[in-house]
Amino acid sequence: MSLGPYVRILGRGPGRSRNLTQEEARAAFAMILAGEAAPEAVGALLMLMRFRGENGAEVAGFVQALRDTLTGWSDVPAALDWPTYAAGRSRGLPWFLAAAKLVASAGVPVLMHGWNSHQNPVASVRNALPLLDIPSVGTPASARQAIAGHGIAYVPLEQLSTRALEVLMLRDVLNLRSAVNTTLRVLNPSHAPATVQGVFHPPYRALQQDAGQLLGQNALSVIKGGGGEFERHPAKDVAIYGLRDGQIWEDSATALTDVATRLAEGPEASNPADLRAIWQGEKTDAFAESIITGTTALALHTAGKTETLAQADDLARGLWTSRKPLS
């Protein structure tokens, strides 16, 4: 077994090279995940894909190969998949966690999964989980238990697949992202009928849309979100790429406020304790609350809770007003 034939397909030169087919990508990534490929070939394959630009079929093939290695996660009863894989350089507080918590309160079980590099304490997703009573889990059984009790669970990538994390971290060696970054956003380990995804670079919205359709995803929303997370900036119009009933769907959500503030700036972005304080009503911040309800609305629409985005905005604000205190 060798990655050589797949490297050759990608790198034969102008007019002769091509992208991998979905099945070729699945076979190549299966070899990588199994540890059967030479490290030099792994780097060559990933960087040739990067140079050419991966397409939807290649990402879908990678996802299928990774799903083949997961045991039990497809039995987790999540209705909404929520990946979180952004770096923290341009992020403030992870308000999207409060949005995911609010979505779960609407009867939409949420499975979050992720790994975030270069995060400072302010932006840390994992440090923020206990502030909002979101359980971190390590097995499908514990995920099912957490969803039954809380409606939401977060699983670290190293608990899903240590090998996928190892390949992802080749970025520190190669100094460039690879198709694995996109693969993890599209992974949806529980095979939830709906998924939300954030990107930092706008072209990846259409790429993840295409991969989702090839994988048979029913409902999907992809946005250019705060720092690459699925987090809506309430002062900007947001273009949404996705799927509805498995078909290509695109729309836009209008700005919710005229306050011109960057997500990583201002007092609402600097103190992790504010995540809990604002949920508990001990502090108020209109901009932060707009981030939460605006992001919630897009997720609720993706999960099929409303027919229109305007209805989703109304539902999200109502859920926020009637939210239950944290324990």
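Good morning, colleagues. Please bear in mind throughout that the model is predicted.

What does the side chain of Arg317 meet in a salt bridge? The partner is Asp314, with an N to O distance of 2.6 Å. Both residues belong to helix 15, which spans residues 309-321, and they are three residues apart, about one turn of the helix.

A second pair is arranged along a helix as well. Glu166 and Arg163 form a salt bridge whose closest N and O atoms are 3.1 Å apart. Because the two residues lie three residues apart in helix 9, residues 162-168, about one helical turn separates them. As for accessibility, Glu166 is partly exposed, at 45% relative accessible area, and Arg163, at 26%, also counts as partly exposed.

Arg91 and Glu231 are joined by a salt bridge between their side chains, at 3.0 Å from N to O. The two residues are 140 residues apart. Arg91 sits in the loop between strand 1 (80-84) and helix 5 (95-105), while Glu231 sits in the loop between strand 5 (219-224) and strand 6 (238-244). Are these residues buried or exposed? Buried means under 20% relative accessible area. Arg91 has a relative accessibility of 6%, so it counts as buried. Glu231, with a relative accessible area of 1%, is buried too.

Beyond these pairs, Glu23, Arg26 and Asp68 are connected in a network of salt bridges. The count for the model comes to 11 salt bridges.

My last topic is open space. Rolling a probe the size of a water molecule over the atoms shows where empty space is left. In this model, the largest pocket holds about 540 Å³ of space.

Which residues lie nearest the centre of that pocket? They are Ala86, Ala87, Arg171, Asn181 and Arg185, out of a lining of 25 residues. Helix 10 (171-174), helix 11 (179-186) and helix 12 (203-214) are the elements that each give two or more residues to this lining. Helix 11 contributes the most, with four residues. Sorted by class, the lining has 10 nonpolar residues, nine polar and six charged.

That concludes the presentation. Thank you for your attention.

Notes
Residues are numbered from 1 along each chain as its sequence is written. This is a predicted model: local features need pLDDT of at least 70, side-chain atom pairs count only at pLDDT 80 or more; totals for chains, interfaces and linings use all residues. Side-chain values use heavy atoms; hydrogens and water are left out. A salt bridge is a side-chain nitrogen of Lys or Arg within 4 Å of a carboxyl oxygen of Asp or Glu. Buried means under 20% relative accessible area, exposed over 50%, partly exposed in between (1.4 Å probe, protein chains only). On a 1 Å grid over the protein atoms alone, a cavity is a set of points where a 1.4 Å probe fits but cannot get out, and a pocket is an open set with protein on both sides within 12 Å along at least five of seven lines; lining residues have an atom within 4 Å of a point. Grid points are joined across faces, edges and corners, and a volume is the space filled by probe spheres set on the points. Ala, Val, Leu, Ile, Met, Phe, Trp, Tyr, Cys and Pro count as nonpolar, Asp, Glu, Lys and Arg as charged, and the others, Gly among them, as polar.
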